Amino acid sequence: MLRVASFNVNGIRAAQRRGFEAWLARRRPDILGLQEMRCPAEAVPTGVFTGYHLAYHPGVLPGRNGVAIASRIAPSAVRTGFGHRIFDPEGRYL
């Protein structure tokens, strides 16, 4: 059985201080969707996602949004954007 979870972390660094790692270790979802990461990619705390492959988009409003998918199996592809529109790394339409 595949276990999928979704979590609005309201800031991954704050969630880490509130016990997110312990929650993740207890629940052990195969796929985890995260909303409101609220940090640049380089500031995602190390060790939080041990054992997971993380696909992360920080969003366009620094410190305000950002989404991620963590999966136990490496994704075969990661795409950002919607439909036929293409985004640059800052989230602007190309």
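In what order do the elements of the protein chain run from the N terminus on? They run β-α-α-β-β-β, and there are two helices and four strands in the protein chain, where helices (H or I, at least four residues) and strands (E, at least two) are DSSP runs numbered from the N terminus. This is a predicted model, in which local features need pLDDT of at least 70 and side-chain atom pairs count only at pLDDT 80 or more, while totals for chains, interfaces and linings use all residues. Residues are numbered from 1 along each chain as its sequence is written, and side-chain values use heavy atoms, with hydrogens and water left out.

Of the 94 residues of the protein chain, 31% count as buried, a word that stands for under 20% relative accessible area, with exposed meaning over 50% and partly exposed in between (1.4 Å probe, protein chains only). Leaving aside residues up to four places away in sequence, F20 is in contact (heavy atoms within 4.5 Å) with F7, V9, I12, A15, L32, L34, V48 and F49.

A search of the whole structure finds one salt bridge, meaning a side-chain nitrogen of Lys or Arg within 4 Å of a carboxyl oxygen of Asp or Glu. The side chains of E36 and R38 form this salt bridge, at 2.4 Å from N to O; E36 is partly exposed at 24% relative accessible area, and R38 is also partly exposed, at 25%.
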